Amino acid sequence: MSAQTHRLPIGGRIDRAKQVEILVDGHAISAHPGDTVASAMLANGRIEVGNSLYRGRPRGVVAAGVEEPNALLQVAGQCSESMIPATTLSVVNALAVDTLSGLGRLAPDADEAVYDKKYVHTDVLVIGAGPAGLAAALAAARTGARVVLLDDQPEPGGSLLSGSQEQVDGAPALNWVNSVIAELTTGAEVVVLPRTTAFGSYEDNYVLAVQHRTDHLDEAPAAVSRQRLWHIRATRVVIATGAHERPLVFSGNDRPGVMLASAVRTYLNRYAVRAGTRVVVATTNDSAYDLVEDLLGHGIDVPVVIDARSDVSARAAACGAPVVSGSVVVATHGETRITSLEFSGLADSGELTGEVETVQCDALAVSGGWSPVVHLHSQRQGTIRWDEALAAFVPDAPVSNQHVVGSAAGDFDLDSCLAAGWAAGGSDTAAPRGGGGGLGTIRPVWLVPGVAGQPGSGTNTSSTCSATRRSPTCGARRVRACEALNTSSATPRSAPRTTRAKPRPSTPSV
Amino acid sequence: MMLLPCPWCGPRDETEYHYGGQAHVAYPTNPSELTDEEWSRFLFFRDNPKGPFAERWVHAIGCRRWFNVVRDTFTYEVLAVYKPSDPRPDITTGAPR
């Protein structure tokens with residue numbers, strides 16, 4: 001069995017007293033209860049997962065949640081399932097999984113497990129147990145309302161589980177989370193459902209959610225169904241589903257070791273796993289500096305922070321690592337896993353400027369901004385609008401009897417997330433005060449030109465489509481990208497440094 | 001799933017009801033004098049607005065009685081519920097969207 005070489009000696013929300021053994025592609029690796037398969041793999045120094053589907057390119061773990069595009073698993077056993085993100089699968093003893101190259105297999109055997117369903121009515125349904133959702137649930141519970149609180153994670157807290165310095169009412173935020181859950185679970189009219197994902201929102205606040213009840217247990221109790229489908233009719237719905245971090249699009253951004261900054265932070269703080277020993281951070285906003293401080297706090301080397309913004313924000317200046325502003329990553333190198341990267345200045349015109357510099361690293365954390373998770377809002381015909389400052393689509397007018405709060409509404413400051421959640425819960429008392437979060441100003445970078453001078457040269461050709469499609473309301477930016485394409489293809493700077501034969505037929509995974 | 005308020009039983013899930021089509025389609029006073037086209041229009045032609053629409057529903061697995069609903073066909077919002085003997089409420093605009 002491999003050792004947990006990348007596990008930090010302290011910290012994390014894992015049960016170090018116990019050890020479990022799982023099989024990944026036939027290799028035994030050790031983990032602790034509280035790990036996901038992805039965090040266990042990373043703790044054992046394994047970041048590579050199944051190769052890409054069409055071109056067979058090496059792929060690694062990118063994210064830490066449901067947004068994971070690469071680490072897809074086939075789970076062996078009685079209830080064999082495929083295409084399960086390793087980032088969402090809790091480890092249990094003797095769990096056996098195989099990594100997939102983007103294509104699963106249906107189990108030939110009949111599924112003998114029991115699945116049931118339950119119909120409930122509630123005054124307030126809160127979807128998401130992050131700071132905004134918890135504030136909404138607590139505020140609603142204190143008004144005497146019947147409350148149902150759903151969250152897809154094994155424990156409540158949302159983004160606060162991945163944090164370190166965040167505070168609520170002057171104390172560590174997780175203390176506040178614990179006190180909120182203690183108060184909610186003693187309430188007679190409150191139902192808290194962990195491991196539950198709301199996946200459908202229909203007329204008159206009818207919400208469907210699936211609860212995973214036994215997969216995380218070593219021994220499934222005989223009288224408990226494997227999954228339960230909740231049919232929930234709510235008077236009011238509070239959508240506090242959070243936001244997904246966006247990756248950056250540059251040549252070689254799918255190389256194992258390139259991860260989302262928020263995911264690196266989640267592995268660091270929540271699972272006590274370091275994604276690398278020498279981590280470069282590339283960002284377009286302030287959120288990645290929380291990661292920089294945490295990495296340095298754990299003694300992990302951060303050789304450089306590559307910030308796309310031309311100004312060094314106050315947050316960046318205080319982070320303690322060398323910051324290169326107005327720059328972007330242009331290429332990565334490494335046999336499979338990343339071993340070095342190149343970065344260069346990026347002019348306002350979208351073209352590269354200055355010298356291309358190389359830096360050695362074994363992980364690259366990228367943050368290309370944040371996209372609110374608006375799916376449930378959109379399912380109810382809720383409209384969205386393009387927010388130029390956030391560079392993201394945010395909910396416009398709310399659906400009747402629904403509230404979208406927190407980062408799902410484009411609000412990334414902890415204090416205002418708590419205030420919005422508290423107000424949506426229906427309380428007129430003073431909301432808890434938070435400290436932390438915030439994105440600062442954002443410089444959206446949709447497509448980084450290749451070092452050869454062509455945006456989307458080589459591997460990035462297919463990226464061009466997805467990158468321009470991401471900003472349909474930004475005509476100016478699209479035009480700029482096209483101009484860069486035309487001028488640079490007319491006068492190539494140098495020979496392509498990354499020689500990859502053909503563009504892949506698929507869009508890049510990240 | 002819509003939540004429809006039966007005037008007699010209260011709010012129930014949509015699955016308890018059957019749909020009865022457009023409300024207030026009067027039977028012709030002298031059907032034998034209609035042309036084929038007029039008769040077919042009475043039988044088959046119905047309004048299809050985007051917005052408030054008066055329609056009939058029956059609480060099929062409840063009280064089994066018919067009633068009328070004014071419903072916004074875009075937002076699916078129920079704007080009024082009334083008994084078949086009552087006149088259509090004067091609702092021309094749905095919820096602002």
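The model is predicted. Chain B and chain A bury about 810 Å² between them. Within chain A, H2(A) packs against H3(A), with axes coming within 10 Å, and against H8(A), with axes coming within 7 Å. H4(A) and H5(A) form another packed pair, their axes coming within 9 Å.

**Chain B**

- Chain B holds one helix and six strands.
- Read from the N terminus, its elements follow the order β-β-β-α-β-β-β.
- Along the principal axes, the C-alpha atoms of chain B occupy a box of roughly 45 × 35 × 20 Å.

**Where chain B meets chain A**

- Each side brings a set of residues to the contact: eight from chain B and eight from chain A.
- Carbon and sulfur atoms account for 39% of the buried area of about 810 Å².
- Six residue pairs are in polar contact across the two chains, with both residues at pLDDT 80 or more.
- On the side of chain B that touches chain A, five residues are nonpolar, one is polar and two are charged.

**H2(A) against H3(A)**

- H2(A) spans residues 131-142 and H3(A) spans residues 173-186.
- Their axes cross at roughly 35°, and the crossing is left-handed.
- H2(A) contributes Pro131(A), Leu134(A), Ala135(A), Ala137(A), Leu138(A), Ala141(A) and Arg142(A).
- From H3(A), they meet Trp176(A), Val177(A), Val180(A), Ile181(A), Glu183(A) and Leu184(A).
- By class, this contact has eleven nonpolar residues, no polar ones and two charged ones.

**H2(A) against H8(A)**

- H8(A) covers residues 414-424, and its axis crosses that of H2(A) at roughly 35°.
- This crossing is right-handed, whereas H2(A) passes H3(A) in a left-handed one.
- On H2(A), the contact residues are Pro131(A), Ala132(A), Ala135(A), Ala136(A), Leu138(A), Ala139(A) and Arg142(A).
- On H8(A), they are Leu414(A), Cys417(A), Leu418(A), Gly421(A) and Trp422(A).
- The contact divides into ten nonpolar, one polar and one charged residues.
- Residues of H2(A) that touch both partners include Pro131(A), Ala135(A), Leu138(A) and Arg142(A).

**H4(A) against H5(A)**

- H4(A) runs over residues 261-269 and H5(A) over residues 288-297.
- The two axes cross at roughly 35°, in a left-handed crossing.
- Ala261(A), Val264(A), Arg265(A), Leu268(A) and Asn269(A) make the contact from H4(A).
- Ala288(A), Asp290(A), Leu291(A), Asp294(A) and Leu295(A) make it from H5(A).
- Six of the contact residues are nonpolar, one is polar and three are charged.

**Salt bridges**

- Over all chains, the whole structure contains 26 salt bridges.
- One of them pairs Asp254(A) with Arg59(A), with the closest N and O atoms 3.3 Å apart.
- This pair links distant parts of chain A, 195 residues apart.
- Asp254(A) sits in the loop between strand S16 (243-245) and strand S17 (258-260).
- Arg59(A) belongs to strand S4, residues 59-60.

Definitions and conventions: Residues are numbered from 1 along each chain as its sequence is written. Chains are lettered from A and ligands numbered from 1 in the order in which they are written. This is a predicted model: local features need pLDDT of at least 70, side-chain atom pairs count only at pLDDT 80 or more; totals for chains, interfaces and linings use all residues. Side-chain values use heavy atoms; hydrogens and water are left out. Contact means heavy atoms within 4.5 Å. Buried area is the accessible area (1.4 Å probe) that two parts lose on being put together, summed over both. A polar contact is a pair of N or O atoms within 3.5 Å; within protein, one must be able to donate a hydrogen and the other to accept it, and residues adjacent in sequence count only if both atoms are side-chain atoms. Ala, Val, Leu, Ile, Met, Phe, Trp, Tyr, Cys and Pro count as nonpolar, Asp, Glu, Lys and Arg as charged, and the others, Gly among them, as polar. Axes are lines fitted to C-alpha atoms, for helices over the stretch in contact, and angles run from 0 to 180 degrees between N-to-C directions. Helices (H or I, at least four residues) and strands (E, at least two) are DSSP runs, numbered from the N terminus. A crossing is left-handed if the near helix is turned anticlockwise from the far one by less than a right angle, and right-handed if clockwise. A salt bridge is a side-chain nitrogen of Lys or Arg within 4 Å of a carboxyl oxygen of Asp or Glu.
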